[in-house]
Amino acid sequence: MIVVKFTVKLKTRLQANGQQAIESAHLLKAILLVDENVLSFVFKKLNINQPLFGSKLDELIAAYPKVSGQPYLGNDTHKTLTNAKSFLKEFKDEYVAIEHLLLGLLKTGDKLSTMMKDAGFNEKSLIAAIKEL
């Protein structure tokens, strides 16, 4: 069910913004819109101001080019998904979940990753918070 919600909300968000490439910030925004538990726990655990972070995320998304056409995964998003899959063994999971995506986003090295680190995300603390879930 979460996959359907996530996909629909992501497509709607892209269309509303007039953007074609699905960038890593779109991915995180869609997770914020769909997730009800994981992110709020992580934000509290890492002492990150979620509303302020959300505003900065919206600014980043608004700065992406506006182009119409068939949506496609941007290079950084592809890298994020690859990074997320690399955490499956560490957590002994079979499928990529929100927790893996957060770690993948943090590890990507793009503008969103930098924004996350500036806000207070770091891999060690994020992994510790995830293990408490």
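Predicted model: local features only at pLDDT ≥ 70, side-chain atom pairs only at ≥ 80, totals over all residues.
Where does Asn47 lie? Asn47 lies in the loop between helix 3 and helix 4.

View 1. Asn47 has a relative accessibility of 71%, so Asn47 counts as exposed.

**View 2. Lys92, a non-glycine residue with a positive phi.** Lys92 sits in the loop between helix 6 (88–91) and helix 7. Its phi is about 55 degrees, a positive value. Is Lys92 buried or exposed? Lys92 is exposed, because its relative accessible area is 76% and the cut-off for exposed is over 50%.

**View 3. Phe43 and Phe121, an edge-to-face pair.** The whole structure has three aromatic pairs. One of them joins Phe43 and Phe121. The ring centres are 5.6 Å apart. The planes stand at 80 degrees to each other. Planes over 60 degrees apart count as edge-to-face, so this cut-off decides the name of the pair. Phe43 belongs to helix 3 (residues 38–45), while Phe121 is in the loop between helix 8 and helix 9. The two are 78 residues apart, and their pair links distant parts of the chain. Both Phe43 and Phe121 are buried.

**View 4. Phe53 and Phe121, a tilted pair.** Here the ring centres of Phe53 and Phe121 are 5.7 Å apart. The planes are at 55 degrees, so the pair is tilted. Phe53 comes from helix 4 (residues 50–62). Phe121 is in the loop between helix 8 and helix 9, 68 residues apart from Phe53. This pair, too, links distant parts of the chain. Both Phe53 and Phe121 are buried. Which residues do the ring pairs link into a cluster? They are Phe43, Phe53 and Phe121.

**View 5. Helix 7 beside helix 9.** Helix 7 covers residues 98–107, and helix 9 covers residues 123–132. Their axes come within 11 Å. The crossing angle is roughly 180 degrees. That makes helix 7 roughly antiparallel to helix 9, because angles over 145 degrees count as such. Which residues of helix 7 meet helix 9? They are Glu99, Leu102, Leu103 and Leu106. On the helix 9 side, the contact is made by Glu123, Leu126, Ile127 and Ile130. By class, this contact has six nonpolar residues, two charged residues and no polar ones.

**View 6. Asn75 in helix 5.** Helix 5 spans residues 75–86 and includes Asn75. The relative accessibility of Asn75 is 69%, so this residue counts as exposed. Asn75 and Ile22 are 53 residues apart in sequence. In space, their C-alpha atoms are 9.0 Å apart.

View 7. The protein chain averages a pLDDT of 86. Of its residues, 87% score at least 70. Over residues 1–5 the pLDDT is below 50. Beyond near neighbours in sequence, that stretch has three contacts in the model.

How values were computed. Residues numbered from 1 in each chain as written. Heavy atoms only, no water. pLDDT = per-residue confidence, 0-100. Contact = heavy atoms within 4.5 Å. Axes fitted to C-alpha atoms, helices over the stretch in contact; angles between N-to-C directions. Helix = DSSP H or I, 4+ residues; strand = E, 2+ residues; numbered from the N terminus. Parallel < 35°, antiparallel > 145°, perpendicular 65-115°, else oblique. Nonpolar A, V, L, I, M, F, W, Y, C, P; charged D, E, K, R; others polar. Phe/Tyr/Trp six-rings, centres within 6.5 Å; stacked < 30°, edge-to-face > 60°. Buried < 20%, exposed > 50% of the residue type's maximum accessible area, 1.4 Å probe, protein only.
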